[in-house]
Amino acid sequence: MRIPYTAKPFIKWVGGKGQLLPAFAALLPEHLARWENFTYIEPFIGGGAMLFFMLQTYPNIGRAVINDLNPDLIKAYRIVKDSPERLIQALAAIQKEYLNITEEEKRKEFYLEARKRFNHGNLSDVDNTMYLIFLNKTCFNGLYRVNSKGEFNVPFGRYKNPRIFDEEIIYVDSELLQKVEILHGDFEQTERYVSENTFVYFDPPYRPLDATSSFNSYAKESFDDREQIRLKEYADRLSAKRCWLMLSNSDGRGRHAENTFFDDLYKDYLIERVYASRSVNVNPEKRGPLTELLIRNYDNTRYAPATHRRTLSDIYLPIDRD
């Protein structure tokens, strides 16, 4: 199955969903293409792969709402939406300056100074977004990670010729974002936009599979099991409003068979397991294909499970309900 895809994320974000779009597409509600002027909501926007896919695939989306707790990320979406030309000019300038530096040690000094300025704050929203994207494309492994003070602390990445930005992607993304309302704050604030005519996709910080994979520091606030339970209760509340929703998260059973946290928590929902490759782990042996969960409150998908297993067998596993 080929996904039409011209717009794509302007920033790399841990847990990005680009590789899983075929599986997601197969499990979307089958009626979405016929649903007039429906509302699409993402309470945890991250890199936005799913958002840009949905906006391109479903022109019948009447309104889209995105939200995130990370203030720098939300500033970036607003700048891409409202000021793409100014952002492109700023990115072109810093890209030229950086790539003209030939010595790795001097590049590292440039990077660390940019990180310092970004963390110090007092920047215009355009410059804040410029530094965010620059650091994202030149830091180690394209991570976004902050410490308890909310400071970006990813070390320098030794890339010889990094492409800091893509002008066409920023313009295409900006055009699609014109119908998107951009919120900053807790995920529950999206509830006021929900009605029966709504599809919600949740991509929260993933629950760690073990003690060494606990990378969910996208914001200084933690997203622990209490938050995962609060999210499930929020999903219950939205389901009671008769909206349609899908949620992704890590599959604890994929690493430890006895870890049934999400299977128990979402026992009243439909759960699918899909393969995804993870490249962010301090232990290289733990990188590679793992199963993730797709949880939904509806059963009428675009493709019946039997068909889905035949056509997407490399990324799909039916849930074991024993």
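Which residues is Phe140 in contact with, leaving aside its neighbours within four places in sequence? With contact taken as heavy atoms within 4.5 Å, the partners of Phe140 are Val154, Pro155, Phe156, Gly157 and Tyr159. The structure is a predicted model, in which local features need pLDDT of at least 70 and side-chain atom pairs count only at pLDDT 80 or more, while totals for chains, interfaces and linings use all residues. Residues are numbered from 1 along each chain as its sequence is written, and side-chain values use heavy atoms, with hydrogens and water left out.

The protein has 11 helices and eight strands; helices (H or I, at least four residues) and strands (E, at least two) are DSSP runs, numbered from the N terminus. Of the 322 residues, 52% are buried, where buried means under 20% relative accessible area, exposed over 50%, and partly exposed in between (1.4 Å probe, protein chains only). Among contacts with a separation of 6 or more, 75% join residues 24 or more positions apart.

Phe140 is located in the loop between α6 and α7. Phe140 counts as partly exposed because its relative accessibility is 44%. Gly157 is found in the loop between α6 and α7 as well, but its relative accessibility is 4%, so Gly157 counts as buried. Apart from residues up to four places away in sequence, Gly157 touches Thr138, Cys139 and Phe140. Asn141, in the loop between α6 and α7, has a positive phi of about 65° although it is not a glycine. Most residues other than glycine have a negative phi. Another case is Asn37, with a positive phi of about 50°, in the loop between α1 (21-26) and β1 (38-42).

Helix α4 covers residues 84-99. The expected span of a helix is 1.5 Å times one less than its number of residues; for the 16 residues of α4 this gives 22 Å, and the end C-alpha atoms are 22 Å apart, which agrees. The buried residues of α4 are Pro84, Leu87, Ile88, Ala90, Leu91, Ile94, Gln95 and Tyr98. These residues cover an arc of only 165° around the axis, which puts them on the same side of α4; the arc is that of the directions from the helix axis to the C-beta atoms. An α-helix has 3.6 residues a turn, so residues three or four places apart point the same way. Gln89 and Lys96 are exposed on the other side of α4. Packing against the buried residues of α4 are α3 (71-82), α5 (104-120), α6 (125-138) and α7 (167-176).

Helix α8 (residues 225-240) also has 16 residues, and reaches 23 Å from its first C-alpha to its last, close to the 22 Å expected at 1.5 Å a residue. Gln228, Leu231, Lys232, Tyr234, Ala235 and Leu238 are buried in α8. Down the axis of α8 the buried residues fall within an arc of 160°, so they line one face of the helix. The face turned away from this buried side carries the exposed residues Arg226 and Ala240. The cover over the buried residues of α8 includes β4 (198-202), β5 (244-250) and α10. Arg242, which follows α8, has a positive phi near 70°.

Pro204 lies in the loop between β4 and α8 and is buried, with a relative accessible area of 3%. Residues up to four places away in sequence not counted, Pro204 touches Phe44, Phe223, Gln228, Leu231, Ser248 and Asn249. The C-alpha atoms of Pro204 and Ser250 are 9.9 Å apart in space, and the two residues are 46 apart in sequence.

A search of the whole structure finds one cavity of 30 Å³ or more. On a 1 Å grid over the protein atoms alone, a cavity is a set of points where a 1.4 Å probe fits but cannot get out, and lining residues have an atom within 4 Å of a point. Grid points are joined across faces, edges and corners, and a volume is the space filled by probe spheres set on the points. The largest cavity holds about 60 Å³ of space. Its lining includes Arg207, Ser250, Asn259 and Phe262. Helix α10 (residues 261-265) gives the most to this lining, with three residues. The lining residues divide into four nonpolar, four polar and three charged; Ala, Val, Leu, Ile, Met, Phe, Trp, Tyr, Cys and Pro count as nonpolar, Asp, Glu, Lys and Arg as charged, and the others, Gly among them, as polar.

Methods
1 Å grid on protein atoms, 1.4 Å probe; cavity = no way out; pocket = protein on both sides within 12 Å on 5 of 7 lines; lining within 4 Å.
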